[in-house]
Amino acid sequence: MKVWWRFWMEQLDRRWFLWSMLVINALGSVYGFYWYHLQLQMTEGWQKLFVPDSPTASTLFTLVLLLYIIGRRSPLLEALAAVTLFKYGIWAVAMILLSGWVAPAPFFQALHWTDWMLMTSHLGMAAEAVLYSRFFTYRLLHLILAGVWVLLNDALDYGLDIHPWLPPWLQDWVHPIAVFTVGLSVVSLALFARLGLVEQPERKWELPRMFDRG
């Protein structure tokens, strides 16, 4: 198990793996924006920016990966991608599980194959944010700006009712979900403060040495 884990950890900064992750995240982003297309059509003006949470997160990470491939970095993009990937990855899984639990049908009948697919992909989003934290170079200011973004998003989602659409049986849960969402934002920021701001011996700083390998 340790050998297997070490092998895959060593692949994270290989060019072939970065390209693979970029394609996966880019395709996931396209699918995610399509998933929101009806809600986007019904949302007015500037509010559209705050509707597609998960695909925006995966798009940010796609840009981070593209910068890595060409030997560049953006600490602000890294902070935004890390926090939003983890937050919305965990949020989506929690909402699907809650929906299955509250639904009038039995749990496993209430969940469709798309729900299992979405839970798998969103857990992957959270996992890749944690795994790539060893490459991130953001500082406190960048993390504060990421915090402003996610907390503003929370305020608009539940203040203007532009949060992701929920099934009918979760309509009475909107307030607890809002509290959970804000709490998850705080947890995500705290996690990446620990992962990204604390010096770690395995952190990789040198881009040429990091990304010139095949």
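Predicted model: local features only at pLDDT ≥ 70, side-chain atom pairs only at ≥ 80, totals over all residues.

Colleague: Start with helix 4. Which residues does helix 4 cover, and how far apart are its end C-alpha atoms?

Modeller: Helix 4 runs over residues 53–69. Its end C-alpha atoms are 25 Å apart. At 1.5 Å a residue, 17 residues should span 24 Å, so the two values agree.

Colleague: How many of the residues of helix 4 are buried?

Modeller: Twelve of the 17 are buried, so helix 4 is largely enclosed by the rest of the structure. Among them are Phe61, Leu65, Tyr68 and Ile69. Asp53, Ser54 and Thr62 are on the buried list too.

Colleague: What follows helix 4?

Modeller: Glycine 71 follows helix 4, and its phi is positive, near 80°.

Colleague: Where else do you have a positive phi, in a residue other than glycine?

Modeller: Aspartate 161 has one, with phi near 60°. Most residues other than glycine have a negative phi.

Colleague: Where is aspartate 161? And is aspartate 161 buried or exposed?

Modeller: Aspartate 161 sits in the loop between helix 8 and helix 9. Its relative accessibility is 56%, so aspartate 161 counts as exposed. The cut-off for exposed is over 50%.

Colleague: On to packing. At what angle do helix 5 and helix 7 pack?

Modeller: Helix 5 (residues 75–102) and helix 7 (residues 113–131) meet at about 150°. Their axes are 8 Å apart. Angles over 145 degrees count as roughly antiparallel, so helix 5 and helix 7 are roughly antiparallel to each other. The crossing of helix 5 over helix 7 is left-handed.

Colleague: Which residues make that contact?

Modeller: From helix 5, they include Leu85, Phe86, Ile90, Val93 and Ile96. From helix 7, they include Leu118, Met119, His122, Leu123 and Met125. By class, the contact has 16 nonpolar, two polar and two charged residues.

Colleague: What about helix 2 against helix 7, what angle there?

Modeller: Helix 2 (residues 15–35) packs on helix 7 at about 130°, with axes 12 Å apart. Helix 2 and helix 7 are therefore oblique to each other. Helix 2 also passes helix 7 in a left-handed crossing. Met21, Asn25, Tyr31 and Trp35 of helix 2 touch Met117, Leu118 and Glu128 of helix 7. That contact divides into five nonpolar residues, one polar and one charged.

Colleague: Now helix 9. What span should helix 9 have?

Modeller: Helix 9 has 24 residues, 174–197, and should span 34 Å at 1.5 Å a residue. Its end C-alpha atoms are 33 Å apart, which agrees.

Colleague: Which helices do the buried residues of helix 9 pack against?

Modeller: They pack against helix 5, helix 7 and helix 8 (140–159). The buried set includes Ile177, Thr181, Leu184, Leu189 and Phe192.

Colleague: Last one, leucine 131. Where does leucine 131 lie, and what does leucine 131 touch?

Modeller: Leucine 131 lies in helix 7. Not counting residues up to four places away in sequence, leucine 131 touches Trp5, Met9 and Leu12. Its relative accessible area is 28%, so leucine 131 is partly exposed.

Colleague: How far is leucine 131 from threonine 181?

Modeller: They are 50 residues apart in sequence. In space, the C-alpha to C-alpha distance is 23 Å.

Note on methods:
Residues numbered from 1 in each chain as written. Heavy atoms only, no water. Helix = DSSP H or I, 4+ residues; strand = E, 2+ residues; numbered from the N terminus. Expected span 1.5 Å × (residues − 1). Buried < 20%, exposed > 50% of the residue type's maximum accessible area, 1.4 Å probe, protein only. Axes fitted to C-alpha atoms, helices over the stretch in contact; angles between N-to-C directions. Parallel < 35°, antiparallel > 145°, perpendicular 65-115°, else oblique. Left-handed = near helix turned anticlockwise from the far one by under 90°. Contact = heavy atoms within 4.5 Å. Nonpolar A, V, L, I, M, F, W, Y, C, P; charged D, E, K, R; others polar.
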